[in-house]
Amino acid sequence: MTPITGKAQSTNPLDSVSSYKVYYDAPTKSKIKKMQKYDVMIIEPVFYSAQQIKEIQKYGTKVYGYINTMEADNWNTDLMAQLKESDFFHRDGQRVHYAEWDSYLMDINSKHYQAVLMQEVEKQVVNKGLDGVFLDTVGDIDNEHADQPKILEQQQVAMTNFLKSVKTKHADLSLIQNWGFGTLKYHTYPYIDGIMWESFNYSTVAKDQWSKDRMADLQELNEEEDIKTLTISSKQGAKSAKYAKKNGFIHLKSNKTLNYNKF
């Protein structure tokens, strides 16, 4: 594994961010006005036009578009139609299906799948003028392959190569990764401006040693690589927010159901 080392890059666009919001529903005029009050908005870009993105950015809000990197959702019929069977990750000859989300685990090592993802990034993010990409489900790599080191390494390297290709084609595009702390620490960090930690609930993270170790890793990454951590809590809102701030993280207090379709 490669150790953490410094990287030369321009100023992180998340350096001055103190507030953000996640909203995955279709926009309305009133919702867009509310979005303008945040430093960063993370949205589902398929619902937005370039003009609507420009309106959100009117007063300096940075907009990141959601791209599901390690899963393919059945609801996204346009994407599913582009996929080959070899794009899906297979275990014991079968696709890995997540019933809760009705999605499938993908094989980021597939060059064809990387090309499909690149097209999604360009169609939904670059062409609409968003500031960056929110790379969801990267954490699936760590979660699904932890007990198979060779596959884990292969998937981590492939994700890193994909991010490198994104930054090579679109150098000004900012990238936020969701989960995947091991993948970030040893592989993707040269290309990432921020990482999201969902379920950052005080009752868990303040006592759990695994969480404390990850917080130490993220603080080191911020110091050495200027990578910001965005946290979300659904429990003990005030305590969770205070604890996140104490650790230098940017926090979002969410409601109990973590509903990203409401303000």
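Predicted model: local features only at pLDDT ≥ 70, side-chain atom pairs only at ≥ 80, totals over all residues.

Modeller: Let's start with helix α10, residues 237-246, where G237, S240, Y243 and A244 are buried. Buried here means under 20% relative accessible area, exposed means over 50%, and partly exposed is anything in between (1.4 Å probe, protein chains only). Helices (H or I, at least four residues) and strands (E, at least two) are DSSP runs, numbered from the N terminus. Looking down the axis of α10, you'd find its buried residues within an arc of 135 degrees, so they line one face of the helix. That arc is taken from the directions that run from the helix axis to the C-beta atoms. Turned away from the buried side is a face with the exposed residues A238, K242, K245 and K246.

What do the buried residues of α10 pack against? Their partners are α8 (202-205), α9 (209-225), β12 (228-233) and β13 (250-253); contact means heavy atoms within 4.5 Å. Just after α10 comes G248, with a positive phi of about 80 degrees.

Residues are numbered from 1 along each chain as its sequence is written, and side-chain values use heavy atoms, with hydrogens and water left out. As for pLDDT, that's the predictor's confidence in each residue, from 0 to 100. The chain averages 94, and 94% of the residues score at least 70. Over residues 1-6, though, the pLDDT is below 50; this stretch has 15 contacts in the model beyond near neighbours in sequence.

Now back to α9, one of the elements that α10 packs against. D217 in α9 pairs with K185 in helix α7 (residues 181-188), so the two tie together parts that are 32 residues apart in sequence. Their side chains meet in a salt bridge (3.1 Å, N to O), which requires a side-chain nitrogen of Lys or Arg within 4 Å of a carboxyl oxygen of Asp or Glu. Both ends are buried: K185 has a relative accessible area of 17%, and D217 has 14%.

Another salt bridge joins the side chains of D226 and K228 (3.2 Å, N to O). K228 counts as buried, at 16% relative accessibility. Through shared partners, salt bridges join D15, D226 and K228 into one network. By this rule the count comes to seven salt bridges.

Finally, the nonpolar packing. A nonpolar core is a set of buried Ala, Val, Leu, Ile, Met, Phe, Trp, Tyr and Cys residues joined through side-chain atoms within 4.5 Å. The largest one has 58 residues, and L83, V133, M159, F162, L184, F200 and L218 touch the most other members. Take L184: leaving out residues up to four places away in sequence, this leucine touches Q177, Y189, I192, I195, L218, L221 and I227. There's also a second, separate core of 17 residues, including V22, V40, Y66 and L230. In soluble globular proteins, nonpolar side chains tend to be buried together.
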